[in-house]
Amino acid sequence: MIRMNLILLFVTIFSLSAEAEVKVRILAKYSLQEIQIKSNDGTRIFSEEKNKILTQGLYIVKNLNGKIHLLNDKNILQGKQILFISENTFRIFFSDKDKILSRVYKGKLEIQSINKEILLILKLPLEEYVSSATYSELGILLLADNFTTDNAKNELIAAQEITVRTYILNEKKRHLDKKYDFCDLTHCMHFNGYTNKLSLYPKKILTGKSGVSGYFHSTCGGILTGPNVYWSEDKNSNHYRKGKDGTEPNCKNSPQLNWESTLSNENLETILKEEGIILISLKLLDGRVKSIEYKNKFEKNISLPISIFLTRTGRLYGWNKIKSNLFSIEKIDDGYKFIGRGFGHGVGLCQWGAKYLADKGKSHNEILEFYFPETKIKLYDAD
């Protein structure tokens, strides 16, 4: 009965204002066996055994024998999952490669035991997630000396914010099978924690006749495309700019504008899951790579969608190994050289390009119209 009551409590708390909140798996990059949480007054913690209102303090969280143990000098709680709710921000400390790192969050934190590790799912208000993800995504682009004026900086933030909100509301089923909406990785969207920034234009999203998912990326390298090029199951859409974005790339100041990388023959065979590759070529659409075409040792023609190729490469050899789907391939003695431009899939808003347009005096409306043609901005319906 206690177990059932706790489950009902979790469901009740995590269901309040369902339309206005988002569930995000945080610190998804790391293998966590132990963390520390530094909280403020007003913290509530629930487990199968008990629930408590605790004073501020430092709490150690461990996964021991498939159960979460939360303890400090006065309290010990344990269970398959523990719900940690703080009225204020809290800081999570964790280790990675012998370094102690920390991030600040705010919201309802569900701590679960899974595969002998700690899984963290944060539920927070939609607008807090929009603002924090916007600042996380723009990263170094928001450095104080990067802009001609403060207004230019705000126009870039506004354009990214509206794009992010559109993406969130259209892509909330990305991790439906795992019972959270997004992860904090490139797979979904960067989220480095609470930023204490208000949304500039709350509830505003992009809309169009055939739907707009609000895709964005770091650097297009000068060539943009629609989602059907990167995701083979997507349909062509008139709501995404295609082709060259100007006589020279708007994102020309990006440190990711040009890059080179190599994959050995063995690396490539591992990615393609084939031995004895005879011939490899690229299928292009709108100037970007749509698929990798090759023959195996039986001379069978095979086509691998670019999204699968880049996902496998990233998981095996790092996400910066092949940075975009805008590249050519050159055969070298012991493998292949990839000569590329940009960082990301080239669909939707190019962050470095949008920054350039903002510096040129473009408003966020004009920036969004440039990257998402035949769309308009509206207030989303929370119901």
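Reading a predicted chain, feature by feature

Mentor: Of the 383 residues in the protein chain, buried residues make up 48%, where buried means under 20% relative accessible area, exposed over 50% and partly exposed in between, with a 1.4 Å probe and protein chains only. This is a predicted model, in which local features need pLDDT of at least 70 and side-chain atom pairs count only at pLDDT 80 or more, while totals for chains, interfaces and linings use all residues. Residues are numbered from 1 along each chain as its sequence is written, and side-chain values use heavy atoms, with hydrogens and water left out.

Trainee: What is the mean pLDDT of the protein chain?

Mentor: The term pLDDT stands for the predictor's confidence in each residue, from 0 to 100. For the protein chain the mean is 89, and 92% of its residues reach 70 or more. Over residues 1–18, however, the pLDDT is below 50, although this stretch has 27 contacts in the model beyond near neighbours in sequence, a contact being heavy atoms within 4.5 Å.

Trainee: How many helices and strands does the protein chain have?

Mentor: Helices (H or I, at least four residues) and strands (E, at least two) are DSSP runs, numbered from the N terminus. The protein chain has 8 helices and 23 strands. Its radius of gyration, taken over C-alpha atoms, is 23 Å, close to the 21 Å that the globule rule gives for 383 residues, so the chain is as compact as a globular protein of that length; the rule itself is 2.2 Å times the number of residues to the power 0.38.

Trainee: Which residues have the most contacts inside the largest nonpolar core?

Mentor: In soluble globular proteins, nonpolar side chains tend to be buried together. A nonpolar core is a set of buried Ala, Val, Leu, Ile, Met, Phe, Trp, Tyr and Cys residues joined through side-chain atoms within 4.5 Å. Here the largest such core has 92 residues, and those with the most contacts inside it are Ile92, Leu109, Ile111, Leu120, Tyr129, Phe309 and Tyr371. Helix H3 (residues 150–170) gives the most to this core, with 8 residues. Not counting residues up to four places away in sequence, tyrosine 129 touches several residues, including Val22, Ile168, Phe182 and Phe191.

Trainee: Is histidine 239 buried or exposed, and what does its side chain reach?

Mentor: Histidine 239 sits in the loop between helix H4 (227–230) and strand E15 (243–244), and it counts as buried because its relative accessibility is 3%. A polar contact is a pair of N or O atoms within 3.5 Å; within protein, one must be able to donate a hydrogen and the other to accept it, and residues adjacent in sequence count only if both atoms are side-chain atoms. The side chain of histidine 239 reaches the backbone nitrogen of serine 210 at 3.2 Å and the backbone oxygen of glutamate 374 at 3.1 Å.

Trainee: Where is threonine 219, and which side chains does its side chain join in polar contacts?

Mentor: Threonine 219 is in the loop between strand E13 (216–217) and strand E14 (223–224), and at 0% relative accessibility it counts as buried. Its side chain makes polar contacts with the side chain of serine 218 at 3.0 Å and with that of serine 254 at 2.7 Å.

Trainee: Where does glutamate 269 lie?

Mentor: Glutamate 269 lies in helix H5 (residues 265–272), and its 25% relative accessibility makes it partly exposed. Leaving out residues up to four places away in sequence, glutamate 269 touches Glu274, Glu275, Gly276 and Ile277.
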